[in-house]
Amino acid sequence: MNDAILKINNLEISFYTHVGEVRAVRDVSFSVKKGEILGIVGESGSGKSTVLLGIMGLLQHPGKIKAGEIIFEGENLAVKSNKEMQHIRGKKISMIFQDPMSSLNPVFTVGNQIAETIMTHEHVSRKDANKRVLELLELVRIPSAKSRINCYPHEFSGGMRQRAMIALALACSPQMLLADEPTTALDVTIQAQMMDLLRDIRKELDTTIILVTHDLGVVSEMCDYVQVMYGGRLMEEAVCRDIFDAPGHPYTKGLLRSIPNVKKGSRERLKPIEGSPPDLITPFDGCPFAFRCPSTMNLCMEGASQEWEIGEKHRCACHLCNPQVQALLKEGGIE
Amino acid sequence: MAKYILKRCVSIIVTLFLVCTITFIMMKAVPGGPFTTEKNLPPNVLEALEEKYHLNDPLLKQYVDYVKGTATFDFGPSFKKDGVMVSDMIAQSFPVSAKLGGVALVIVLLLGIPFGILAALKQNKMPDYLATIFATLGIAIPTFVLGTLILYVFGAKLGWIPTHGLDSWQCFIGPSISLAGFSLAYVLRLTRSSMLSVTGQDYIRTARAKGLPERKVIFKHALKNALIPVVTYVGPMTAGIMTGSCVTEKIFAIPGMGLF
Ligand SMILES: Nc1ncnc2c1ncn2[C@@H]1O[C@H](COP(=O)(O)OP(=O)(O)O)[C@@H](O)[C@H]1O
Ligand code: SF4
Ligand SMILES: [Mg+2]
């Protein structure tokens, strides 16, 4: 896997609040291949946004990268200063956020905000920058882009603002785009358009995309590779098909049961996962899913499982996937 | 934009007209008049006075005269000082008040906004605590206490500043500080809280995600938004400060508008 553009090793991110340390990301390792769309799914509060903000170096106080490496183009972003990160943010790695309504500055025109990014990273004249802005707005398919360039964000609809955000993120042709639930705040038809747009961008510009979402439908349509995150840990990762066709982890199975299966037209009742996500402030080293898992064993309370290879490029962090445990289970020597 | 300005101008005229009318009605509705004092004036003197100031005209005529006069900046003779026109009194005292107010305004803006920003950027650190203590004091201490205190300590006891008049630049120190005190504290607090709420906004995160240097994030993206409520407050505050304060001008014996 030498074509990995980003490699994260044993990343730990914590928020040091007055009431204690919130371990939002625990021992997370993964890599992203150039040009692929990686999906990260999980319920809210599982640490997805925190991973992305950690990569960008945008963790807000009191959040800190506690341990681990974020290797991008051979450099460890985790140890870079804010100043050094300024040359990477917006230029090499860009991010789009969940709420397009509040992500653009209300007192500057959309064109101005996009041009600002270009002029921050490249020595170009205002005129050339504006020309690029126009191209970008056309790229993200904003209708009659020329007349929109001098509009303020409040003159745009939600979908158009998210398009403008994407244009802003693409302004300096970054190698990587981090999208944090880019469609959650938009209605369904706009969601589909936005996903089409992201797919086309990947095709046209060969941008690597990490797409965070809690919508499994979006994942199945968009992603090459999927990671399931829960309680600050990676639970399962596999190529997209395998997650849906052969989920290995009890949490993934639960997630899949909780979404409607339109394709089969089945009339089965949806089964929500009982319980709620763990409180990350309580120190607990067991499997984060242990309190909701239908097949919890004593072992699960003592420690989280390592990741087991259960198929080609398919890893799963559950004790049930441990061959030894499986053998013991067969003999009935475990509870 | 031009349309907006025009609209506002029309509304100024309407507002002023309404203010005049309501003032007139209220002044006429209350019992007593400008010459009512503890000692009762002899009826013939009162009648002569009312004749002189046209106070015995029919109400409607008085009202029309009053509105006409006000519209042409002719406010008639003073009730208090014999033989002096009100417009002359304003012409004489307004520049004094305005000069003092101008100095106070500069103090408010030059200290209030930067220290408000500083307090917000250093939230819950030493500069923030100092600024908060200062602002709380500034808002809590009434002008007459602050003015008297300055006058007593620095004017009378220490003799560092003159105790009255506005003849040299040193004269401005006491009154302008006492005039600025409350507004300075208020602007500081307003700037701080507004800056704090703006720096938590999503678009500030976007500005950082673009790779902008922190200086630009704060002074361009955050400040432009944070100053909106401050500007809104500074408008009426300017009018208040420039037209003179009765308390400050009385304490420092300054011949400004506030004395009348
Ligand atoms: N500023 C913060 N202070 C304290 N805890 C935080 C902060 N931001 C996030 N967290 C915690 O980190 C965890 C993960 O949050 P997040 O990354 O936003 O999850 P997701 O994006 O998957 O919904 C949550 O449990 C949340 O409580
Ligand atoms: S490790 Fe145990 S608790 Fe966790 S998912 Fe697997 S079986 Fe369930
Ligand atoms: Mg999130």
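Visitor: How do I start looking for empty space in a model?
Guide: Rolling a probe the size of a water molecule over the atoms shows where empty space is left. Here the model is a predicted one. The count comes to two cavities of 30 Å³ or more.

Visitor: What volume does the largest cavity have?
Guide: About 80 Å³. Ligand 2 sits in this largest cavity.

Visitor: Which residues line the largest cavity?
Guide: The lining is made by A:His249, A:Pro250, A:Cys287, A:Phe289, A:Ala290, A:Cys293, A:Ser295, A:Met297, A:Cys300, A:Cys318, A:His319 and A:Leu320. Sorted by class, nine are nonpolar, three are polar and none is charged.

Visitor: And which residues are around ligand 2 itself?
Guide: Among them are four cysteines to find in your viewer: A:Cys287, A:Cys293, A:Cys300 and A:Cys318. A:His249 and A:His319 are also around ligand 2. The shell divides into eight nonpolar residues, three polar ones and no charged ones.

Visitor: Now the second largest cavity. Which residues line it?
Guide: From chain A come A:Gly90, A:Ser94, A:Met95, A:Thr117, A:Leu168 and A:Ala169. From chain B come B:Thr206, B:Ala209 and B:Lys210. The volume of the second largest cavity is about 50 Å³.

Visitor: Which elements supply at least two residues each to that lining?
Guide: In chain A, look at β6 (93–96) and α7 (158–170). In chain B, look at α8 (202–209). By class, the lining of the second largest cavity holds four nonpolar, four polar and one charged residues.

Visitor: Let us turn to the pocket. What is the volume of the largest pocket?
Guide: About 1,700 Å³. Its lining has 43 residues. Nearest the centre of the largest pocket lie B:Met27, B:Tyr66, B:Phe75, B:Pro77 and B:Phe79. The classes are 21 nonpolar, 14 polar and eight charged.

Visitor: Where does the largest pocket lie relative to the domains of chain B?
Guide: Start with the assignment: domain 1 covers 2–72 and domain 2 covers 88–259 of chain B. Both domains give residues to the lining, so the largest pocket lies between them. The C-alpha centres of the two domains are 35 Å apart. Among the helices of chain B, α1 (2–29), α2 (43–52), α3 (59–71) and α4 (86–121) each supply at least two lining residues.

Visitor: Pick one residue of chain B. Where is B:Lys220?
Guide: B:Lys220 lies in helix α9 (residues 214–242) of chain B. Its relative accessibility is 27%, so B:Lys220 counts as partly exposed. From B:Lys220 to B:Ile107 the separation is 113 residues in sequence and 23 Å in space, C-alpha to C-alpha.

Visitor: Next, the backbone. Which peptide bond is cis, with omega near 5 degrees?
Guide: The bond from A:His61 to A:Pro62. A:Pro62 is in the loop between α1 (48–56) and β4 (63–72) of chain A.

Visitor: What is the phi of A:Ser173?
Guide: Positive, about 45 degrees, although A:Ser173 is not a glycine. A:Ser173 lies in the loop between α7 and β7 (176–180) of chain A. A:Ser173 counts as exposed because its relative accessibility is 56%, and the cut-off for exposed is over 50%.

Visitor: And what is the phi of A:Lys313?
Guide: Near 55 degrees, a positive value in a residue other than glycine. Find A:Lys313 in the loop between β11 (308–311) and β12 (314–316) of chain A. At 38% relative accessibility, A:Lys313 counts as partly exposed.

Key: Residues numbered from 1 in each chain as written. Chains lettered and ligands numbered in written order. Predicted model: local features only at pLDDT ≥ 70, side-chain atom pairs only at ≥ 80, totals over all residues. Heavy atoms only, no water. Near = heavy atom within 4 Å. 1 Å grid on protein atoms, 1.4 Å probe; cavity = no way out; pocket = protein on both sides within 12 Å on 5 of 7 lines; lining within 4 Å. Sits in = over half its atoms within 2 Å of the grid points. Nonpolar A, V, L, I, M, F, W, Y, C, P; charged D, E, K, R; others polar. Points joined across faces, edges and corners; volume = space filled by probe spheres on them. Helix = DSSP H or I, 4+ residues; strand = E, 2+ residues; numbered from the N terminus. Domains from an automatic or database assignment. Buried < 20%, exposed > 50% of the residue type's maximum accessible area, 1.4 Å probe, protein only.
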